[in-house]
Amino acid sequence: MTVNASGDSKNSKSSAFKDKSKATDIRNSNIGAAKAVADAIRTSLGPRGMDKMIQASNGEVTITNDGATILKQMNVIHPAAKMLVELSKAQDIEAGDGTTSVVIVAGSLLEAAEKLLHKGIHPTTISDAFQKAAAKCVEILTEMSTPITLADRENLIKSAATSLNSKVVSQQASLLAPIAVDAVLKVVNPQRDTNVDLKDIKVIRKLGGTVEDTELVDGLVFTQKSANVNGPKRVEKAKIGLIQFCISPPKTDMDHKVVVSDYSAMDRVLKEERAYILNIVKQIKKAGCNVLLVQKSILRDAISDLAIHFLDKIKVLVVKDIEREDIEFVCKTLNTRPIASLDHFLPEHLSSADLVEEIPAGNSRFVKISGIQNPGRTLTVVVRGSNKLVLDEAARSLHDALCVVRCLVKQRALIAGGGAPEIELSLKLTKYADTVSGIDAYCFRAFAQALEVIPLTLAENAGLNPISTVTELRNRHAQGETTTGINVRKGAITNILEENVVQPLLVSTSAITLSTETVRSILKIDDIVNTLN
């Protein structure tokens with residue numbers, strides 16, 4: 001009987017032991033998967049970072065070094081690795097830049113947490129200490145930052161150029177950065193606005209030319225050419241009407257067939273059709289409209305060939321097939337409302353512009369409206385590129401530059417770039433850890449050390465010796481040179497502000513906050529449960 005009891009106790013001990021090891025295994029598996037994702041995009045950080053070529057299942061190729069784009073296209077299966085993909089997406093929404101940095105920092109923090117777990121520190125303790133450390137980091141960064149105003153165009157351009165320098169189109173940073181700054185400044189009210197709706201800046205991609213041909217259009221651009229055959233291609237003092245009804249013969253509501261048996265009936269049908277369209281065209285002429293924008297129709301042709309023939313005769317420039325989702329932007333730009341029926345097609349519903357013309361671009365043409373009277377706060381940027389890969393990357397890079405300027409509208413403060421803030425944080429956090437007692441001090445030191453991954457990776461990607469570079473950088477910061485960073489172009493350590501390498505405070509603070517949140521979530525997981533279906 002006693003033997004049996006002792007055997008039971010043995011079994012219960014081993015089962016309890018198994019349970020504990022399972023949680024550790026799951027945690028290690030999660031940390032390993034997340035670190036693998038961070039390592040995959042680590043080489044693409046900084047101005048000397050490598051680009052990734054992504055091939056989709058349909059054979060489409062993308063070349064980029066934007067962290068969010070790479071991770072979005074990556075086929076990630078492990079649930080913890082998916083959390084890092086979501087993290088880069090969150091950084092993209094919040095700040096728009098720093099999507100690679102945020103994942104690398106998260107990977108480094110997980111590595112630090114793994115070492116602390118091996119020391120026998122409880123995951124919850126590590127998680128809470130990391131949260132305190134992140135809050136302290138945000139505090140330190142805010143103290144380091146330099147406040148700016150939106151009138152300081154030069155500093156805004158510097159920060160946009162810093163974002164563009166690490167992209168494929170870095171050669172054109174001097175052209176794209178001012179475009180991004182001017183675009184944002186034109187759509188915001190600097191005194192009142194604390195955010196920018198990037199939907200007010202429409203980025204149109206046009207194949208042909210080079211990235212240098214990219215231009216900021218203070219007006220409206222349609223990607224399609226005018227629908228006219230012999231009509232005008234240039235209209236001055238334009239009266240513009242935006243219609244949502246069709247100028248084509250009406251169809252029956254249901255799918256009916258009309259059988260016409262004799263010629264006289266056929267003539268009557270054509271005559272009716274002609275009269276119906278002529279009536280609409282007369283109403284358009286009566287209202288004094290000479291530029292017609294027609295929304296795309298799903299049920300029938302938005303505008304028939306006969307209607308185009310009549311509109312050519314009365315010298316009306318026609319742009320057809322405007323997408324439904326573009327209507328809001330067109331209305332906001334022209335400061336008008338779409339006309340839904342012929343009865344409402346009146347002169348007071350038209351908007352005015354100085355010039356509407358069709359412009360050639362590469363092997364295609366597009367319609368441009370300029371000199372709009374009392375326009376809305378919107379802009380169009382026409383991005384050009386010699387091939388699709390360059391064009392897509394230029395548009396993505398411009399979006400990142402716009403996001404950087406948006407960050408500065410949200411939080412008007414700048415900090416140095418080039419790994420300077422991370423080293424400064426690391427030093428100050430280590431100093432702060434000496435004043436903290438207990439296990440928290442260990443965790444704070446580990447957190448501080450993990451932040452050094454950014455300057456380490458920057459040096460590595462630039463072909464410098466990472467250990468000696470980071471040691472030298474640490475030494476210079478200890479002497480009080482807070483804005484010293486890695487100058488990738490010269491391959492040396494210099495005052496990074498003299499090189500105009502600056503970034504918005506929001507990019508760094510959100511990167512640290514978001515990566516810490518993700519790491520805390522991963523640390524607190526001790527089991528993965530699969531659902532039935």
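Predicted model: local features only at pLDDT ≥ 70, side-chain atom pairs only at ≥ 80, totals over all residues.
Me: Which residues touch the most other members of the largest nonpolar core?

Reply: In soluble globular proteins, nonpolar side chains tend to be buried together. Here the largest nonpolar core has 65 residues, and those touching the most other members are Leu 84, Val 103, Ile 126, Phe 130, Phe 447 and Ile 512. Helix 4 (residues 99-118) gives the largest share of this core, 11 residues. There is also a second, separate core of 36 residues, with Leu 150, Leu 398, Cys 403 and Val 409 among them.

Me: What does Val 103 touch, not counting residues up to four places away in sequence?

Reply: Val 103 touches Val 37, Ala 38, Ile 41, Leu 71, Leu 84, Leu 87 and Ser 88.

Me: How is a pair of rings read, as in Phe 130 and Phe 447?

Reply: Two rings are paired by the distance between their centres, and planes over 60 degrees apart count as edge-to-face. The centres of the Phe 130 and Phe 447 rings are 5.3 Å apart and the planes stand at 75°, so this pair is edge-to-face. Phe 130 lies in helix 5 (residues 123-144) and Phe 447 in helix 13 (residues 439-450), 317 residues apart, so the pair links distant parts of the chain. Both Phe 130 and Phe 447 are buried. The count of aromatic pairs comes to 2.

Me: Where does the charged end of Lys 136 sit?

Reply: The charged end of Lys 136 sits over the ring of Tyr 432, 4.5 Å from the ring centre.

Me: At what angle do the axes of helix 3 and helix 11 cross?

Reply: Two packed helices are described by the angle between their axes and the distance between the axes. The axes of helix 3 (residues 79-94) and helix 11 (residues 388-410) cross at roughly 65° and come within 9 Å. Asp 92, Ile 93 and Glu 94 of helix 3 make the contact with Asp 400, Arg 406 and Lys 410 of helix 11. By class, this contact has 5 charged residues, 1 nonpolar and no polar.

Me: Is Phe 345 buried or exposed?

Reply: Under 20% relative accessible area counts as buried. Phe 345 has a relative accessible area of 1%, so Phe 345 is buried. Phe 345 is placed in the loop between helix 10 and strand 10 (351-361). Leaving aside neighbours within four places in sequence, the contacts of Phe 345 include Ile 243, Phe 245, Ile 284 and Leu 350.

Me: How many residues of helix 10 are buried?

Reply: Helix 10 (residues 327-334) has 6 of its 8 residues buried. Among them are Phe 329, Cys 331 and Leu 334. Asn 335 follows helix 10 and has a positive phi, near 55°.

Technical notes
Residues numbered from 1 in each chain as written. Heavy atoms only, no water. Core = buried A, V, L, I, M, F, W, Y, C linked by side-chain atoms within 4.5 Å. Buried < 20%, exposed > 50% of the residue type's maximum accessible area, 1.4 Å probe, protein only. Helix = DSSP H or I, 4+ residues; strand = E, 2+ residues; numbered from the N terminus. Contact = heavy atoms within 4.5 Å. Axes fitted to C-alpha atoms, helices over the stretch in contact; angles between N-to-C directions. Nonpolar A, V, L, I, M, F, W, Y, C, P; charged D, E, K, R; others polar. Phe/Tyr/Trp six-rings, centres within 6.5 Å; stacked < 30°, edge-to-face > 60°. Lys NZ or Arg CZ within 6 Å of the ring centre and 35° of its normal.
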